[in-house]
Amino acid sequence: MILSCSHISKAFGTDQILSQVSFHIEDQEKAAIVGINGAGKSTLLKIIVGELAADEGEVTLAKGKTLGYLAQHQDLDSSRSIYEELKEVKRPVIEMEQQIRSLELQMKDAQGQELEQMLAAYDRLSHTFDRENGYAWQSEVAGVLKGLGFTEEEFDKQVSTLSGGQKTRVALGRLLLSRPDIILLDEPTNHLDMESITWLETYLLNYSGAVIIVAHDRYFLNRVVSKIVELEFGQGSVYLGNYTAYSRKKAMVRAARMKAYLNQQQEIRHQEEVIARLKSFNREKSIKRAESREKMLAKMEVLEKPMEVHDEMHIELEPNITSGNDVLTIRDLSKSFGSLHLFSHLDIDVRRGERVAIIGNNGTGKTTILKLINGLLPADSGTIFLGSRVHIGYYDQEHHVLNMEKTVFEEVQDAYPGLNNTKVRNLLASFLFTGDDVFKRISDLSGGERGRVSLAKLMLSEANFLILDEPTNHLDITSKEILEQALRNYTGTVLYVSHDRYFINQTATRILELTGQTLINYIGNYDYYLEKKELMNSLYVPGASKTPGAVARENASASGDRTAPEAGSPAISGKAGAAAPPSWSRPQEASASPAQGASGVKLDWMAKKEEQARIRKRQNDLKKVEDQIHSLETRDSQIDALLLQEDIYTNVEKLVELNKEKESIQNQLEPLYEKWEKLAE
């Protein structure tokens, strides 16, 4: 064990963030901390590295081990270049190399014992230098920078002039090169494109130390981690496996807890009914038994109803009217910004019901395409046609569609004046804006909160063509899953830009990859895209005259249709049209023989029928006993009423007769009460 967190608790004022959270990390283990925004993930990382003090609990780091921490936001103010900043991490190795070179010069003139001492020092330094990868430090620095998305032309840029995202990448590079025993990363993929994320995945998988990651990138977590520490409602739970395994196990655990809760609630209601019935018998023995049951019920440890974050936010997207079949047609689209040429001669066709994802590296022009479609930017050339009855709903990652000066309430009500105050409040509550939250200014909201306001407006728009720019940015995993479900159920058309591979895999029916200033069309989700991209790259030999794009063009032309490529072949998007995904046949799985299967099914059916018959008989017996008790108790009450009448209590013969009947009723009721109590169990 390299790190232990034991009973960690932390509160800010009256807000309890962490409560008795415990877990441990083994050497070389890769783990993730997950939870909704505000669950305390970043707080826990800061407690581990000592930036925050825990109210209770203890963090124990194995002796001699080192921690390296990357916070979400970096404000590097260095006058060095990007390359020099990372080179500084290798300063001990560089100085060691200088010592080795100096010794080499000194040893030329040294003799005797002095030479022996120099040789011993030289051997020691050379061994350490080799162990620290000293002979390859330059290529290591360059490799990390390129892996994190910096080009060689950018190596000389001054760090202080970089954007926040670029500074975070520089800080991440410094951390990786320092090679601590435990790396703690807070949202490391936020400022990386897909290629850089893939590079980081491979780097971390092969990293010799332990890694703890806070991330909302579920595809990344699936590839890298083997343990999940979940923070929910202040509590910590540990699951072994990647994100998908965690998600499955969590659902099973919650189902088991919910079943236990519902069973207990049913038992409580049943016992309360039995107690009430026993008291109604109005006999000493029954009342004592009722009191005994009441004591047992009071001692019962009542289970809390399992809470579910998914229950809190509700997104229902549904178009008001149905569009025509041809939703979007783009021909010969080109765009440049000065000397920066993004793309040219793009043709795109989007048809009703499709969910199309545009992917590609940062700076290729993905968001620009969406802005051109929405008329927010002019095209250099080309035409953009919307089909009949097409109504656009636009989600902007920068939230420029929101008025920063308005409150959350005003933003929604002003956009949809037909809604009364109650409806606006109910809608905002479904997006987790309750109480005074609705009167917060948009400018004061976090990125995730602004995203929820934009989604609320999108839901009201009843658009039939959603254009979404990085819709999962700033959303926690739970909110992403809710949005995924809403989009899968949406009957309109969706075109979006995203770098969230898990989200793409869950929602896309088609992928357009913007690369080499053109689009390549893949008919399927992200897993399908990876499979076919790997196939395409295997057909491309570096140094040959054919580029991957040329290979894709040949694949497309071989099918005889550039808009609907042959199943299994990606197509260069001269016309990025729609097509049905290929159907796959699966080999039949091994199973028991038909006779064995039929026999097992028959036995299960018979057992089920027998149990149902037993339950019905018990219910019928209980009803018969209750009817008998009711009949006898009714007659007993009638006798009590008769005994109060003058003509009865003055008639000795009649009085004796009724008292005998009353005694007989009590004798009959006694075993019936016993039988009822037994059946009621």
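User: Why is Lys-457 called buried?

Analyst: The relative accessible area of Lys-457 is 17%, and buried means under 20%, exposed over 50% and partly exposed in between, for a 1.4 Å probe and protein chains only, so Lys-457 counts as buried. This is a predicted model, in which local features need pLDDT of at least 70 and side-chain atom pairs count only at pLDDT 80 or more, whereas totals for chains, interfaces and linings use all residues. Residues are numbered from 1 along each chain as its sequence is written, and side-chain values use heavy atoms, with hydrogens and water left out.

User: Where does Lys-457 lie, and which residues is Lys-457 in contact with?

Analyst: Lys-457 belongs to helix α14, residues 447-461, helices (H or I, at least four residues) and strands (E, at least two) being DSSP runs numbered from the N terminus. Leaving aside neighbours within four places in sequence, Lys-457 is in contact (heavy atoms within 4.5 Å) with Val-401, Leu-402, Glu-411, Val-412, Ala-415 and Tyr-416.

User: What makes Gly-236 buried, partly exposed or exposed?

Analyst: Gly-236, which sits in strand β9 (residues 235-240), has a relative accessible area of 31% and is therefore partly exposed. Not counting residues up to four places away in sequence, Gly-236 touches Val-21, Glu-230 and Leu-231.

User: Why is strand β15 described as largely enclosed by the rest of the structure?

Analyst: Five of the five residues of β15 (residues 465-469) are buried, which is why the strand is described in this way. Phe-465, Ile-467 and Asp-469 point one way from β15, while Leu-466 and Leu-468 point the other way, and all are buried.

User: Why are the buried residues of α17 placed on the same side of the helix?

Analyst: The buried residues of α17 are Tyr-526, Tyr-528, Tyr-529, Lys-532 and Met-536. They cover an arc of only 145 degrees around the axis, and this puts them on the same side of α17, the arc being that of the directions from the helix axis to the C-beta atoms. The face turned away from that buried side carries the exposed residues Glu-534 and Ser-538.
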